[in-house]
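Subject: Structure handover

Hello,

Here is the structure I promised to pass on. Please open it first, then read the notes below.

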Amino acid sequence: MESSNADKAQRKFVTRDLSKLCTMSQEPGFVVPTDISKNQARKLRIFIEKQTLKKQRRLRERTERKERYGIWPQHLQGISKSERNEKIRQILKAAQGTSQRLCIDLSWDMCMNDKEISHLSDQLKRSYSILRRSLKPLHLYLCNFSKGSRIYNMCCKKHKGFTEYVIDQKEEGVTECFPLNDIVYLSPDSKNELTSLDISKVYIVGGLVDISIQKNRSLAFAQEHNIQTARLPIDSFLKQGNDPTKPFKKVLTIDQVVFAIQSFYENNDWKSALVEAMPKRMGFVEKTDHQQKVPAAEVLSSDSDASIEGSK
C-alpha cells in the first residue's frame, strides 16, 4: 500500500513538472532538458510542435487580414487621420435608415464561456472595420445588447473606442426590434439559399462563437419563433479543394458573414463576395460555371414567397 501511494505521489509530481516545462518551452532560448524521461520528452515535443503550428496559423491569419485591410480604399486616401475618421462617421451615419439592414443577435451570451466571449468581441471589431472601409456600408444593428453584459464589458476592455462605434445598439431582442415578416435569420443549416438581398428585410447573424460547433442552434431558434431562414449560397459557388490538410467547413465567423453580405451589397456578385470572405486556409475553391447550380426549390430571393421554416 505504501509503495502504491508513493507511486501516485511521484506521478503527480511528474505532471506538475511537465506542466512547468511546457510553460518554459514558450520562452526564448528554451532547450529541452536531457534529464527527463522518454515519456516526458515525447509529450513535451508534441506540445512544442502544436504550439509552433498554432503560432504559424496565427501569423498566416494576421497576414491575410493585413492584405485585406492594410490599405485604405481610394475614397479614404490622401487625408489626415482625423479627417478620415470624421468622413467614416458621416458615411456610417448616412447609411442608418437608408442602407440594407444587418443585425447581429447577441442573445447567446449564456451559451459561451469567457474565451468564446473574447473571440466574439474580436469578431465584432472586425465586422465594424469592414463597414468603416466601405463607401456603401450596411446599416448594422446589435440586438440583445446591454451595458454591463459580459459581451459589452469584454468589448470595452479589449477594444479602445468601442463605445464610439456608429452602430445601432438595442437592448431588445430581434422580434421586438423588427416586424416578424421583415426578419430573415441566417443559418448554415437552413434549406433556403439566399440569392439576393431585399432592402425591406433585415438579415440576422447569430452572435454565437461555438468552438465545438453544435449544429442547428440558430435554425432551432428561428423555427421556435416562426422566423424565416436562409443560408449563404456557398454550395452554389464554392466546393472543397483537393488539399486534405485544409479543414473544409461551412460554418463562418460573424465577421466573415458580414464581409460576404457587405461585398455582395456593394457589387451584386456572390462568387467574388464568398471567395474574398473565405480564408484560404478553409479549403474552398471556386466552382466552374457549369458546376454552379442553384436548386429551384431551395432559393430565397427578394421575389421569393418561401414559407417560414417551422410553420405548417
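How many salt bridges does the count come to? The count comes to seven, where a salt bridge is a side-chain nitrogen of Lys or Arg within 4 Å of a carboxyl oxygen of Asp or Glu.

Two points on the source. This is a predicted model, so local features need pLDDT of at least 70 and side-chain atom pairs count only at pLDDT 80 or more, while totals for chains, interfaces and linings use all residues. Residues are numbered from 1 along each chain as its sequence is written, and side-chain values use heavy atoms, with hydrogens and water left out.

**Salt bridges**

Side chains of opposite charge can pair when their charged atoms come close.

D114 pairs with R150, with the closest N and O atoms 3.0 Å apart. D114 sits in helix α4 and R150 in helix α5 (residues 150–158), so this bridge ties together parts that are 36 residues apart in sequence. Helices here are DSSP runs (H or I, at least four residues), numbered from the N terminus. D114 is exposed, at 55% relative accessibility. R150 is partly exposed, at 29%. The cut-offs, with a 1.4 Å probe and protein chains only, are under 20% relative accessible area for buried, over 50% for exposed, and in between for partly exposed.

K158 and D122 form a salt bridge too, at 3.1 Å from N to O. This pair also links distant parts of the chain: K158 is in α5, D122 is in α4, and they are 36 residues apart. K158 is partly exposed at 35%, whereas D122 is buried at 19%.

D235 and R231 meet at 4.0 Å, N to O. D235 is partly exposed at 29%; R231 is buried at 11%. Elsewhere, shared partners join D109, D114 and R150 into one salt-bridge network.

**Helix packing**

How do α3 and α4 cross? The axes of α3 (residues 81–95) and α4 (residues 114–132) come within 10 Å and cross at roughly 90 degrees. That makes α3 roughly perpendicular to α4, a term for angles of 65 to 115 degrees. Axes are lines fitted to C-alpha atoms over the stretch in contact, and angles run from 0 to 180 degrees between N-to-C directions.

Which residues meet there? N85, I88 and L92 in α3 meet Y128, L131 and R132 in α4, with contact meaning heavy atoms within 4.5 Å. The contact residues divide into four nonpolar, one polar and one charged.

Best wishes

Note on methods. Helices (H or I, at least four residues) and strands (E, at least two) are DSSP runs, numbered from the N terminus. Angles under 35 degrees count as roughly parallel, over 145 as roughly antiparallel, 65 to 115 as roughly perpendicular and the rest as oblique. Ala, Val, Leu, Ile, Met, Phe, Trp, Tyr, Cys and Pro count as nonpolar, Asp, Glu, Lys and Arg as charged, and the others, Gly among them, as polar.
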